[in-house]
Amino acid sequence: MPRHSAASPIYTALARLANFNSGRRVLLASRKTSSSSARTIMSSSSSSSAAAASVPFQSPRKVVKKVLSLSQSEGQGATVRRSIGGHEVRNLDPFLLLDEFSVSKPAGFPDHPHRGFETVTYMLDGVFTHQDFSGHTGTIRTGDVQWMTAGRGIVHSEMPAADGVQKGLQLWINLASKDKMIEPRYQELESKDISQAEKDGVAVRIIAGEAFGVRSPVYTRTPTMYMDFTMQPGSQLHQPIPEGWNAFVYIIEGEGVFGKEGAAPASAHHCLVLGAGDGLSVWNRSGALLRFALAAGQPLNEPVVQQGPFIMNSRAQIQQTMEDYYYGRNGFEKASQWSSA
C-alpha cells in the first residue's frame, strides 16, 4: 500500500482503528436468524461415518507443527492466547485466526468493524453481550455459538456480561472472493441446540460438520467442520476428515496423543497442525479428561491481504475498504452515527 499523508482518508480510517490492535474479534452483526435444531444424541445403529470412526485409519493425519499459544494483550484490557494468526502459523487456509480469550469487566472488545470473512464465537465459560450498528443485540452463554458472516461490512462491540473471567474461542474463517461482499448474516445456537454424540468414552459437540453419524444444522459457506471433543481416560478416537482439507487441533484441557500412537503427548493451550491423511486418531492415556477443538476446512487457494479487521484479496480492495469505512458507504453507511451503549 502506498504511503499516505496524515490528511488522507486512509490515514484517518487507520487512526480510527488504532485501538483495535489488529488481530482478533468478531461476534455478530446484522439481522438475527435463529437456527432451529433439536439436540441429537447418536443412536446405536451404525452409519458409514460411525463405522469409519470406530477403527484406525490406514493413513492417519500426523502432527506436522506444534505451537504453544502464549498469553498476550488484546482489545481493551483483554487477554488472548493466539495460535492460528500468530507468528508461527500466520494462517491455515481457509482459517485466519484462532484466539482463546479470557476477559473480565471492565475489559472487552469495544466498537470495531469487519469485512470479508466469517467468525465463530464459542463460549467455554461465562457470558458475553454484543451490539451492532444495525440495532441487533444479543447474549451468548456457556456452550452457546454465534456464527457471523461479516460480508460487506459490520461494526459491533463484544463485552463481558457477568462477574469473573469469561472464556471462549473465536475462530476466523475466510470467505471466497465471490462471497466477500455479500450481505451480513449470522446463525446462533444455544448450548442445548448444538448436535451431540457420544460413544466409548468420547463425547462430541458438533458446531459444524459431522461426527459419529450426527450432523450440525449450521450452514458453512466455506466448507468447514468444527467440533468440541471430550475424551475420558483410556478412550480413543478415530475421526474422519475430508481429503484435501486443512485441519488443526486446539487443546483446551488435559493432554493426549495425537496422530500416531508413538507420538509424545500434547497438553493444554497447544495448537497442532495436521498433515494429510484419512483422519485424526487420538488416544487419552492420562488419568484425567482430555478436551480439544478440531477444525478442518476446504482451502480457498486465493490471495489473502489483511489490514486489521479487514480481509480481502488485494491491496487495492483493502484501500477501497478503508475508504468505504471512512466515508460510510458500501456496507458502512451506519458506522459514523453509531456507538455501542
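Phe212 lies in the loop between strand 16 (residues 210-211) and strand 17 (residues 214-215); helices (H or I, at least four residues) and strands (E, at least two) are DSSP runs, numbered from the N terminus. Although Phe212 is not a glycine, it has a positive phi of about 55°. Phe212 counts as buried because its relative accessibility is 6%, where buried means under 20% relative accessible area, exposed over 50%, and partly exposed in between (1.4 Å probe, protein chains only). The model is a predicted one, in which local features need pLDDT of at least 70 and side-chain atom pairs count only at pLDDT 80 or more, whereas totals for chains, interfaces and linings use all residues. Residues are numbered from 1 along each chain as its sequence is written, and side-chain values use heavy atoms, with hydrogens and water left out.

A positive phi is also found at Asp200, a residue other than glycine, with a value near 50°. Asp200 is in the loop between strand 14 (residues 195-199) and strand 15 (residues 202-208). With a relative accessibility of 64%, Asp200 counts as exposed. Most residues other than glycine have a negative phi, and most peptide bonds are trans.

The protein chain as a whole contains three helices and 27 strands. It has 341 residues, of which 55% count as buried. Among the contacts in the chain with a separation of 6 or more, 75% are between residues 24 or more positions apart, contact meaning heavy atoms within 4.5 Å. The accessible surface of the chain is about 14100 Å², and carbon and sulfur atoms account for 47% of this area. Accessible areas come from the Shrake-Rupley method with a 1.4 Å probe; for residues, only the protein chains shown count as cover.

The UniProt record, an unreviewed entry, places the feature "binding site" at His112, His114, His156 and Glu158. These residues span 47 residues in sequence, yet no two of their C-alpha atoms are more than 12.9 Å apart, so they gather at one spot. UniProt positions are given in the numbering used here, feature names are shortened, and annotations may be inferred rather than shown by experiment. His156 is in strand 11 (residues 154-160), and Glu158 is in strand 11. His156 is buried, at 0% relative accessibility, and Glu158 is buried with a relative accessible area of 1%. The side chains of Glu158 and His112 are joined by a polar contact of 2.9 Å. A polar contact is a pair of N or O atoms within 3.5 Å; within protein, one must be able to donate a hydrogen and the other to accept it, and residues adjacent in sequence count only if both atoms are side-chain atoms.

A polar contact is also made between the side chains of Arg291 and Asp228, at 2.7 Å. Arg291 lies in strand 25 (residues 290-297) and is buried, with a relative accessible area of 19%. Apart from neighbours within four places in sequence, Arg291 is in contact with several residues, including Tyr122, Leu124, Phe229 and Glu253.

Strand 8 (residues 127-132) and strand 9 run antiparallel and are joined by five bridges; two strands pair if DSSP finds at least two bridges between them. The two strands form a hairpin with four residues between them, and Gly135 in the turn has a positive phi of about 95°. His130 stands opposite Gly138 in strand 9.

A search of the whole structure finds 10 aromatic pairs. Tyr325 and Phe332 form an edge-to-face pair, 5.5 Å centre to centre with 75° between the planes. Rings of Phe, Tyr and Trp (its six-membered ring) pair if their centres lie within 6.5 Å; planes under 30 degrees apart count as stacked, over 60 as edge-to-face and the rest as tilted. Both Tyr325 and Phe332 are buried. Ring pairs also link Phe101, Phe109 and Phe128 into a cluster.
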